[in-house]
Amino acid sequence: MATREPETGWHGENSDVNHLRGRAFEATCLAATAFGLVSVMLLLLFVANDAFRPFSADAGWLATYAATVVVPLAALAVYYYRLDEPAGEVAYVTSGLPVVGLLLTGGFAVLFIELLSVLEWFALLISLVVAGGLIVAHGRLRPKAALERLGVVFLSPVITVFGLPPTRFNWFVTDAAAALGLDFGLYYRVISLREAIMLLPFVPTDWAMLLLTLVLPVAGAAGWFVKQRRESRRDGLAVVGMTTAVAVLGVVAGPLLGIGTDVWLLIVTFAVLPLGVYVEGVIRRGEGVCGLAFPVVAVLGVVVGGVVTGALGFAGPDPWLDWGFLTSATSRTAADAGIYPAMVGSVMMIIVIVLTTFPVGVGAAIYLEEYAPSQGLMGKFVTLIEINIGNLAGVPSVVYGLLGLALFIRVLQWPQGSIIVAGLAVGLLILPIVIISAQEAIRSVPDSFRQASYGMGATRWQTIRQVVLPEALPGILTGTILALGRAIGETAPLLMIGAAASVRLAPNSFFDVASMMPRQIFSWSSELDPSFRHGVLAAGVITLLAVLLVMNATAIVIRNRYQRTG
Amino acid sequence: MSTETPGPDITSRPTGRAARERMYRYVLLLCAAASILVTVSIVVLLARDAITFFTLVNPVDFFTGTEFLISRNVYGLLPLLSGTLLVTVISAVIALPTGVAAAVYLSEYASDQMRSVLKPGLEILAGIPTVVYGIFALVYVTPFLQTIGLPVNTFNILSASIMVGIMIIPMVSSLSEDAMSSVPDSLRQAGYGMGATKFEVTTGVVVPAAASGIFSSFILALSRAIGETMIVVVAAGSRPRMLNFSDPLANLFQGYQPMTAAMVQINSADSVSQLGFTSLFAIGLTLFVITFLLNLLSNRIAARYREEYE
């Protein structure tokens, strides 16, 4: 069209330029862009209305909370947006950090309640540390013996974590010992350090174990981070010291407030510590300090609103999505139905995916970006791999479910519908996504960094481990979190591998049959009862979307914070 | 390992280190090769049972049969294909024009501020789990269609397809926008230099120049619609049905069972014969082949436009 009428002097010579057509076109395009967004927003409003039922509350209740929470927060938001943009970001992060922290707390609490006791966690972690220590010590003592180290790398976790399987040698040792009248309690197999710790006659209390193996390591990592950022050893130590102090204080004071000590320690680790470090940094930099007012106003508003509505006797709404929904199992009666076992299933499935897909995906990305030759036979193979990854990303999710069914259940004979099978099937589904996003992150590390590292005499692996990976980590994390968000919502593979339609008891092993959040929601969608359809189902959808929203918001914050410009 | 003293390392014989470097290389290569393994195992495992199925059911009967009834051991793919075709066509009618218009707006018209709101918004659309879209269709869209007077059944292909369409809009818009943004500015300047308006430059220069990229996004979106499972399982019903050519409009208001939905149903049914169960793999393999070919085609076309302008 651009080349029509070449014989005229210039385009539009004989006519006025008509703006109307262009304007109408622009408006149409804008409407098209907004179409999907607006319709989904409307649907979400409907679902949220069904889940929370705000209009079942007294008008006075709504008015009170509008006055104490909504109006002040909206005013603050407008102020940040118009006048103080850095404060807006501070407000966003300070409100978001506790939410993410509480979500992590919930995840770990579920883990300790359902999957392994604090003692098991303690024993596992100590054993892993010992195994790591053995390997490092060997590296220090005999730096040249690479082959020997390979053996150590393989054997030390076996000894510390898994124990030696029953072998003829063990029988021999045990029999010989028994013949001499000695009983080591070996029973034909050498137990691991982990099992030995669990057999100890005396163990520290739960909170002491948690303090040692969860709070202190995380506090130590945070302290190290602060030390690196500020180049001040004192600040780093202060972080560790204060975290420990707050944790111990809570353990002493917790029972008075009715908070369990374990929960308190988890909250300190995942919510209080990051929030404290962030807030301290904001105050020290002095930029956007008034953003800190946002969460304070929010909390004050809720408290004041609670007091006022309590005093005036306004009844609150009766939402479907409440604490009872999050903590109970599903049921035939809509009022009792909850999503808790399915949430546990989802959390455990995510653990399987993180442990299996993340290392393989990042490893593949490292190979493709850092090692892959571009010529020769290997080069052709690498091109094939790249094309194949692109294609795998487009394979329908139901086919991955079929793969999981055929491979894990029919060939390997693993239990149908178990968490490990679900995790591996969905893990295969997000593998290409993880690889592609990790590749992009690694590619964005400038080549000059690598050259500098090689110039210092580093080998390729040293360059990757100490230069490329730390630089690419935020990008890799962003991509992985987004991929995990996709994994949480996938339903079709779960249906194909036979995840349970609904379970009453939360799973407590990776080989248990379980239901996951989207699977549970799908079972509710076939209930005809309106209180399921417009109540429980909506509550389930909102729960799932809320988890996704928090994950995506985290990923976006990480991306914005560490994005490499240019 | 990083803690070794650097002094002696420079002069020492590098055998240990070289061996380790090689080991890392091979371990990482294994990770990369795992993706090939995934593809191979999909093909092999699906083909294994599909071949069992095709030894008992004539492939010609399978691909041309007009009835799909597992209880009577009648396996004809056409009713399932009808459902898939309907979903793909309806959702394409919704998503392709909308997606391209959105891409035009984002690439040519939107201010930076608008872009910073609209683009993440569209990304969110792509991030919503498909089972949620299915529930939207079943619980909210179908009753809405009934209130505005369309004679839709409880389970119908129309509301499912609308939701599939909305779901694939972001895919069309983001890939098409990439293609439009990679059209060099010199082409636009040339258009303006000829006295063309913005509308004429956009429709006459940018869109044709980005045509292959747009086309490749179309194919990818179609492939996504063909493979979409949860929306149709939740909202499109569970009755395989042939297209009714005598009354085309009525097709929209009935329930259908696309291939993906049939796979889920066969797998979750309580009593399925061995033959019925292996038909699952035959359908799955067909689906895999169709989507794989479409993806390959789309990549080919996309690779062409990248060469043109880079």
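How many salt bridges does a search of the whole structure find over all chains? The search finds 14, a salt bridge being a side-chain nitrogen of Lys or Arg within 4 Å of a carboxyl oxygen of Asp or Glu.

Before selecting anything, note that this is a predicted model, in which local features need pLDDT of at least 70 and side-chain atom pairs count only at pLDDT 80 or more, while totals for chains, interfaces and linings use all residues. Residues are numbered from 1 along each chain as its sequence is written, chains are lettered from A in the order in which they are written, and side-chain values use heavy atoms, with hydrogens and water left out.

Start with the interface: select chain B together with chain A, where 89 residues of chain B are in contact with 87 residues of chain A, contact meaning heavy atoms within 4.5 Å. The area buried between the two chains is about 7,700 Å², with 74% of it given by carbon and sulfur atoms; buried area is the accessible area (1.4 Å probe) that two parts lose on being put together, summed over both. Highlight B:Leu28, B:Tyr140 and B:Phe199, which supply 8% of the area that chain B buries against chain A, more than any other three residues.

Next, look for charged pairs across this interface, where the rule finds two salt bridges. B:Glu200 forms a salt bridge with A:Arg21, and their closest N and O atoms are 3.4 Å apart. Then select helix H2 (residues 15-56) of chain B, which gives the most to the side of chain B that touches chain A, with 23 residues; helices are DSSP runs (H or I, at least four residues), numbered from the N terminus.

Staying in chain B, move to helix H8 (residues 185-193), where B:Asp185 and B:Arg188 lie three residues apart, about one turn of the helix. These residues form a salt bridge with closest N and O atoms 2.8 Å apart. B:Asp185 is partly exposed at 48% relative accessible area, whereas B:Arg188 counts as buried at 9% (buried means under 20%, exposed over 50%, partly exposed in between, with a 1.4 Å probe and protein chains only).

Finish in chain A with A:Glu369 and A:Arg443, whose salt bridge has its closest N and O atoms 3.2 Å apart. This pair links distant parts of the chain, A:Glu369 in helix H13 (residues 340-371) and A:Arg443 in helix H16 (residues 419-443), 74 residues apart. A:Glu369 counts as partly exposed, at 24% relative accessibility.

Notes. Helix = DSSP H or I, 4+ residues; strand = E, 2+ residues; numbered from the N terminus.
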